[in-house]
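My notes follow in the order I looked things up.

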Amino acid sequence: MKRIIVACGSGVATSQTVASKVSRLLKEAGVPCEIEAVDMKSLDMFIKNADAYISIVKPKKDYGIPVFNGVAFLTGMGQKQELDKIVAFINQ
């Protein structure tokens, strides 16, 4: 099962909201995936074991894994397209 992390500045409200929403949408689509919310300070530690990253803010460096737009899940703008990209990644 693939593991995706979601990170924001504090790792509390925003990343938890996005992680919960993505997890629910993937479950509804029947796509198994582990989603975990973390804070930016812990990102380097958690990203080592992640298959992909959902970013709320533009990453400052390349982590060598796919990065998806988390803002789409907050605003709803482009959410379906971003979810489709995540599903395609998980199913590859």
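**Entry 1: a bridge at the sheet.** I am working from a predicted model. I began with Ser-55 and asked which residue in β4 is its bridge partner. I found Asn-69 there. Stepping back, I saw that strand β3 (residues 52-55) pairs with β4 in the parallel sense, over three bridges.

**Entry 2: the whole sheet.** Next I traced the strand order, which reads β2-β1-β3-β4 in an open sheet of four strands with parallel pairing. I then looked up which strands stand at the edges. They are β2 (34-39) and β4 (67-69); each has a single partner strand, so one side of each is left without a neighbour in the sheet. I also noted the twist, which averages 30° from one strand to the next.

**Entry 3: helices on the sheet.** I checked what α1 touches as it packs on the sheet, and listed β1 (3-8), β2 and β3. The direction of α1 makes about 175° with that of β2. For α4, which also packs on the sheet, I listed β1, β3 and β4. Its direction makes about 155° with that of β4.

**Entry 4: helix against helix.** How do the axes of α1 (residues 13-28) and α4 (residues 79-91) cross? I read a crossing of roughly 65°, with the axes coming within 11 Å. Angles of 65 to 115 degrees count as roughly perpendicular, so I wrote α1 down as roughly perpendicular to α4. The crossing is right-handed. On the α1 side I noted Lys-21, Leu-25 and Leu-26, which meet Gln-79, Leu-83, Ile-86, Val-87 and Ile-90 in α4. I sorted the residues of this contact into six nonpolar, one polar and one charged.

**Entry 5: aromatic rings.** I looked for aromatic pairs and found two in the structure. I took a closer look at Tyr-53 and Tyr-63: their ring centres are 5.9 Å apart and their planes stand at 85°, so I logged the pair as edge-to-face. This pair links distant parts of the chain, with Tyr-53 in strand β3 and Tyr-63 in the loop between β3 and β4, 10 residues apart.

Note on methods
Residues numbered from 1 in each chain as written. Predicted model: local features only at pLDDT ≥ 70, side-chain atom pairs only at ≥ 80, totals over all residues. Heavy atoms only, no water. Axes fitted to C-alpha atoms, helices over the stretch in contact; angles between N-to-C directions. Helix = DSSP H or I, 4+ residues; strand = E, 2+ residues; numbered from the N terminus. Parallel < 35°, antiparallel > 145°, perpendicular 65-115°, else oblique. Left-handed = near helix turned anticlockwise from the far one by under 90°. Contact = heavy atoms within 4.5 Å. Nonpolar A, V, L, I, M, F, W, Y, C, P; charged D, E, K, R; others polar. Pairing = 2+ DSSP bridges. Phe/Tyr/Trp six-rings, centres within 6.5 Å; stacked < 30°, edge-to-face > 60°.
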